[in-house]
Amino acid sequence: MAAPKKSVVGPLVGAVVQGTNSSQFLVFNSKTAELLSHHQVELTQEFPREGWVEQNPKEILQSVYECIEKTCEKLNELDIEISNIKAIGVSNQRETTLIWDKVTGEPLYNAVVWLDVRTQSTVENLSRKIPGNNNFVKSKTGLPLSTYFSAVKLRWILDNVKTVQKAVEEGRALFGTIDSWLIWNLTGGVNEGVHCTDVTNASRTMLFNIHSLEWDKELCDFFEIPMNILPNVRSSSEIYGLMKDGALEGVPISGCLGDQSAALVGQMCFQEGQAKNTYGTGCFLLCNTGRKCVFSERGLLTTVAYKLGRDKPVFYALEGSVAIAGAVIRWLRDNLGIINTSEEIEKLAKEVGTSYGCYFIPAFSGLYAPHWDPSARGIICGLTQFTNKCHIAFAALEAVCFQTREILDAMNRDCGIPLSHLQVDGKMTDNKILMQLQADILHIPVVKPCMPEITALGAAMAAGAAEGVGIWSLNPEDLSSVLMERIEPQIKATESDIHYSTWKKAVMKSMGWVTTQSPQSIDSAIFSSLPLGFYIVSSMIILIGARYISGIP
């Protein structure tokens, strides 16, 4: 009997989504935007010291290969021909910094994750070098000098890792964010792999001029970064190279966007003034400002939104970045053990329906927008003997929503036109209590797509629309509409404002918590106490000896 004929569904586009907590590969129908299959692998994070966050680059790469292979197996089980996959897009956690050896293909150090704050003293030293009346770093990059961005992480690695120093001297080192590491490996690695990045990822390094769309020599000189280790900067939608191995060998990689830009595209925020908020490890609100850079006076970032083709114009965005959103749920699971799975938090919060005056400020990596205070640390306050794990779970969800309100308020003031609703996406939007809290705290409707994988959709759209692929039209009239769910506020604005004002009081308590102290000052403090220590110990020995000689019991 003849083998059953496989379904003809296509053309299809794959999307790699490499996040802080997991990697995924997803496959979409380019004509309907329907998600056909996907596979996800959770990743480990390493915390070698307080404030340090690292990941194994080889584990990240292997997880992507595994996701691709498993998704292709699932498509075969669905009788969908994988030869219909005509392009692949890449979306990634931004700012996370890697250096590897282009001769051996081996990482020269762990990936230093965007959440890592080990570079605070580096930031403070560099800040003193910037003239007060000429912050050329912010004017060229749109970014404040912060531990968040790649340049200071790269500077730390170059200063502290001898194998990297040697590889740079010998011309073997390559730098990249996660997208560069993946594309280089997927297109051949040591065998002529393509070393590139796109404008959205480059704009998060603090080495990239967002006006000229080039690596900036003045910035590279300021951070003392050799320009020969930097990847080539390309648009977000063009063919970078072909897959060299595996089930999808020969398929072009033709889309590349930092995860938040991918979500902006996936939400189809192509018009000036359209905005979206993504709830992942962190929380990121982006508003499309069109073809002009808008600089914030209230702690928001100016960043590249996308450039969907080599000859297409660049679009910019204002961004409010919150470091800890979904990460607080993982912390409750892994560090406190009050939940066994991330999904359980909704059940706990539902049991009480209130935080009972408990407020949670999850400033594990300091506070990002709009405060930009690296010295802040997490606190839980308003505790009583009545407080239990359910109240803390509810307060954690509220914390995500309050942080969103802070950056939305700043964005409304910067843009001058308050948002009438908030488009949302990300895994956390499956949490019904979180979404209702968000509508209540913002006091505007929250609109979420019924298909939550919006970041992957954006990467797929960029890949499918690339010149030479051309299977996904980005013309507004051709775009498939995504079904949406609308959540309306259910409490009075005055009640919401009272909770929010108390939250802001708690935020102030978390600030200025940590003071940096150089290793030299710590050492000198230790050594300055040694003479006193010797004096005390020697005095005790003399006293004991005298008592022994004199026969005093």
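**Figure 1. Cysteines of the predicted model.** In this predicted model, the sulfur of C450 lies 16 Å from the closest cysteine sulfur, which belongs to C269. That separation is too far for a bond; a disulfide would require the two sulfur atoms to be within 2.5 Å. The count of disulfides comes to 0. Another cysteine, C287, counts as buried because its relative accessibility is 4%, and buried means under 20%.

**Figure 2. Strand β5 and its two parallel pairings with β1 and β14.** Strand β1 (residues 12-18) pairs with β5 in the parallel sense over 7 bridges. Within this pairing, V17 has S91 of β5 as its bridge partner. Strand β14 (residues 252-258) also pairs with β5 in the parallel sense, over 5 bridges. Here I88 stands opposite I253 of β14. In a regular strand, side chains alternate between the two faces of the sheet.

**Figure 3. The packing of helices α10 and α12.** Two packed helices are described by the distance between their axes and by the angle between those axes. The axes of α10 (residues 326-336) and α12 (residues 389-415) come within 9 Å and cross at roughly 160°. Angles over 145 degrees count as roughly antiparallel, and α10 and α12 are therefore roughly antiparallel to each other. Their crossing is right-handed. On the α10 side, the contact is made by V328, I329 and L332; on the α12 side, it is made by I392, A393, A396, L397 and V400.

Figure 4. Most peptide bonds are trans, and most residues other than glycine have a negative phi. P370 is placed in the loop between β19 (359-361) and β20 (379-381).

**Figure 5. Positive phi values at E192 and Y356.** E192 is a residue other than glycine with a positive phi, near 65°. Its place is the loop between α6 (178-186) and β9 (196-198). Is E192 buried or exposed? With a relative accessible area of 74%, E192 is exposed, since the term applies over 50%. Y356, likewise not a glycine, has a positive phi near 55°. Y356 lies in the loop between α11 (344-352) and β19. At 46% relative accessibility, Y356 counts as partly exposed.

Technical notes:
Residues numbered from 1 in each chain as written. Predicted model: local features only at pLDDT ≥ 70, side-chain atom pairs only at ≥ 80, totals over all residues. Heavy atoms only, no water. Pairing = 2+ DSSP bridges. Helix = DSSP H or I, 4+ residues; strand = E, 2+ residues; numbered from the N terminus. Buried < 20%, exposed > 50% of the residue type's maximum accessible area, 1.4 Å probe, protein only. Axes fitted to C-alpha atoms, helices over the stretch in contact; angles between N-to-C directions. Parallel < 35°, antiparallel > 145°, perpendicular 65-115°, else oblique. Left-handed = near helix turned anticlockwise from the far one by under 90°. Contact = heavy atoms within 4.5 Å.
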